[in-house]
Amino acid sequence: MVMEQCVARLDVAMFNAILRESSHEIPTDPISDPIVDSKILPIPAGDLSFGSGAQLKNSVGDWSRWLTDMFGIDADDSLKEDQHDSEGDDRRYGETKSFLLLNDLSDLLMLPKDMLMDRSIRKEVCPSIGLPLVKRILCNFTPDEFWPDPVSGAVLEALNAESIVERRLLGDAARNFPYTAAPVVYTLPSSSDVAVAGTKSQLSRNASSVQRKGYTSDEELEELDSPLTTIIEKLPSSPTIMANGNGNGKHKEHAGDLVANARYELLREVWSA
C-alpha cells in the first residue's frame, strides 16, 4: 500500500518534469513537480519524440516488472489479462496500474498524431492525460529518425478549437500544467494483514535475540520451534519473570516485549474502531 502511493506520486513528478520546456527549468510545484535533478528521469526533459516514447515505454515496463517481483504490485491484474480477452479498457488496465501517466505519455508519443483528433481514441490511448496537456505535448513534439513528420497544423488547430470549448464548459477544471498530484489515500489494513505484520515483527525479534546471545538453551530452541505459542503467552508470562528477578538483562528484554505488545494491542483497537 505504501509503495503504491509512492509510485503514484513519483509518476506525477516524473511526468511533470518531462513536460518542462528543457532541463534548465526549475520545479513549479513542491508536491506535483518537485524534481530538481533531471538526470533521474527516464528521458530528458523536453525531449518529446517517437524515439523517446519508445525508450520511456521500455523503462516503465522494467519498473513495473520490478515492482511486481518485489511487492506484488500489478500481479493480480496481469493474471486477469492472461486468463481471457476483455474489452479495450479492461485490457489496458490489465497491463499495469503503475506509472499510468508515463505509460500514457509513451503511447501518445508513438501514436500517429492525426488520430488524436478523435476523442474516443484519446480516451482509449491516453485517458489520464487531458486535452490541454495533449496539446502541450504535440506543440513540443520533435520529429526524429523514427518519425520524421512534424505535427500538422490541422491537428493542432482542431485540438485548440476543442480545448477552447472545453475551457468554457469546465473553467478552471481544465488546467494545463503542471498535472496535479492526487491526495494520498489511506486504506485501512485488514485484520489478517495486521496479525501477519505483528507476528513477523515478534518472530524476527525472538530469533535475533537468540542469535545475539551466542548460545541456545532448550527453552529458547522450543521458543523458536513454536513461536506463535510464545507470542500468545508473552503478556501473562512477562510480569512473572520480572517479579522473580532472574537477571537484569532479562528484565530489560521482557520489559521491552511487554511495551511492544501493549502498543500493538492499542493499535489493533484503533484499527478495529
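Tutor: Let's start with a contact. D11, V12, M14, F15 and I18 in helix 1 meet L100, L101, L102 and L105 in helix 5, where contact means heavy atoms within 4.5 Å. Sorted by class, the residues of this contact are eight nonpolar, no polar and one charged. For the classes, Ala, Val, Leu, Ile, Met, Phe, Trp, Tyr, Cys and Pro count as nonpolar, Asp, Glu, Lys and Arg as charged, and the others, Gly among them, as polar. Helix 1 covers residues 2–18, and its axis comes within 7 Å of the axis of helix 5, with the two crossing at roughly 40°. Axes here are lines fitted to C-alpha atoms, for helices over the stretch in contact, and angles run from 0 to 180 degrees between N-to-C directions.

Before we go on, a word on the picture itself: this is a predicted model, so local features need pLDDT of at least 70, side-chain atom pairs count only at pLDDT 80 or more, and totals for chains, interfaces and linings use all residues. Residues are numbered from 1 along each chain as its sequence is written, and side-chain values use heavy atoms, with hydrogens and water left out.

Helix 5 is our close-up, so let's stay with it. Helix 5 (residues 100–110) also packs against helix 2 (residues 50–71), at an angle of about 150° and with the axes 8 Å apart. That's why helix 2 and helix 5 are roughly antiparallel to each other; the label goes to angles over 145 degrees, while under 35 is roughly parallel, 65 to 115 roughly perpendicular and the rest oblique. On the helix 2 side, the contact is made by F50, S52, G53, A54, L56, K57, V60 and W63. Helix 5 brings L102, N103, L105, S106, D107, L109 and M110. By class, this contact has nine nonpolar, four polar and two charged residues.

So how covered is helix 5? Mostly: eight of its 11 residues are buried, meaning under 20% relative accessible area, with exposed being over 50% and partly exposed in between (1.4 Å probe, protein chains only). The buried ones are L101, L102, N103, D104, L105, S106, L108 and L109.

Confidence in the protein is highest in helix 5, at a mean of 95, and lowest in helix 4 (residues 88–95), at 43. That score is pLDDT, the predictor's confidence in each residue, from 0 to 100. Over residues 77–94 the pLDDT is below 50, and this stretch has 15 contacts in the model beyond near neighbours in sequence. The mean for the protein is 76, and 64% of its residues reach 70 or more.

Zooming out, the protein has 13 helices and zero strands; helices (H or I, at least four residues) and strands (E, at least two) are DSSP runs, numbered from the N terminus. Buried residues make up 32% of the 273 in the protein. E162 touches M117, R119, R122 and L131, not counting residues up to four places away in sequence.
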